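Here is a short report on a single protein model.

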Amino acid sequence: MLAETEWAGGHADQARQILKSLAELYRQEGRKDLAIGRARRLAELSQEDPETQDYLATLMAEADRLEEAIEIWRALAERQAREGNIDDALFRYTRILELLP
């Protein structure tokens with residue numbers, strides 16, 4: 001895969017962009033599992049990026065994989081709260097509440 005080659009070659013930004021583009025393409029085509037797979041790999045390569053984690057959780061929610069989406073948002077909210085990013089943490093907790101019945 002091109003993204004893995006870019007990553008191995010030290011081109012992390014290009015690898016991330018390729019994965020994000022593929023995920024979004026699959027999302028637009030309605031191929032949710034493939035979109036989630038690319039987004040999951042992107043999240044593995046960008047563990048410290050909250051927007052990437054949020055993107056993965058959003059795809060999970062869109063695919064009705066609510067438990068997984070909630071877990072990602074919960075972990076992200078807890079990390080952001082520990083880091084003092086209270087507004088960001090509250091935003092993620094609000095996303096979780098919106099999914100609950």
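The sections below go from the overall fold to single residues.

## Basis and fold

This is a predicted model, in which local features need pLDDT of at least 70, side-chain atom pairs count only at pLDDT 80 or more, and totals for chains, interfaces and linings use all residues. Residues are numbered from 1 along each chain as its sequence is written, and side-chain values use heavy atoms, with hydrogens and water left out.

The protein has 6 helices and 0 strands. Helices (H or I, at least four residues) and strands (E, at least two) are DSSP runs, numbered from the N terminus. Along the sequence the pattern reads α-α-α-α-α-α. Of the 101 residues, 32% are buried. Buried means under 20% relative accessible area, exposed over 50%, and partly exposed in between, with a 1.4 Å probe and protein chains only.

## Helix packing

Two packed helices are described by the angle between their axes and the distance between the axes. Axes are lines fitted to C-alpha atoms, for helices over the stretch in contact; angles run from 0 to 180 degrees between N-to-C directions.

Helix α2 (residues 12-28) packs on α3 at about 155°, with the axes 8 Å apart. That makes α2 roughly antiparallel to α3. The class covers angles over 145 degrees; under 35 counts as roughly parallel, 65 to 115 as roughly perpendicular, and the rest as oblique. The crossing of α2 past α3 is left-handed. A crossing is left-handed if the near helix is turned anticlockwise from the far one by less than a right angle, and right-handed if clockwise.

Next come α3 and α4. Their angle is about 160°, and their axes lie 9 Å apart. These two helices, α3 and α4, are therefore roughly antiparallel to each other. Here too α3 passes α4 in a left-handed crossing.

## Pocket

Spaces are found on a 1 Å grid over the protein atoms alone: a cavity is a set of points where a 1.4 Å probe fits but cannot get out, and a pocket is an open set with protein on both sides within 12 Å along at least five of seven lines; lining residues have an atom within 4 Å of a point. Grid points are joined across faces, edges and corners, and a volume is the space filled by probe spheres set on the points.

The largest pocket has a volume of about 170 Å³. Its lining consists of Q47, Q53, L56, E71, I72, A75, L76, R79 and R82. Helix α5 gives the most, with 6 residues. By class, the pocket lining holds 4 nonpolar, 2 polar and 3 charged residues. Ala, Val, Leu, Ile, Met, Phe, Trp, Tyr, Cys and Pro count as nonpolar, Asp, Glu, Lys and Arg as charged, and the others, Gly among them, as polar.

## Cavity

How many cavities of 30 Å³ or more does a search of the whole structure find? The search finds 1. The largest cavity holds about 30 Å³ of space. R27, K32, A35, L59 and E62 line the largest cavity. Helices α3 (32-45) and α4 each supply at least two residues of that lining. The cavity lining has 2 nonpolar, no polar and 3 charged residues.

## Two residues

D64 lies in the loop between α4 and α5. Its phi is positive, about 60°, although D64 is not a glycine. D64 is exposed, with a relative accessible area of 64%.

L100 lies in the segment after α6 (86-99). L100 is partly exposed, at a relative accessible area of 42%. The C-alpha atoms of L100 and I70 are separated by 9.2 Å, with the two residues 30 apart along the chain.
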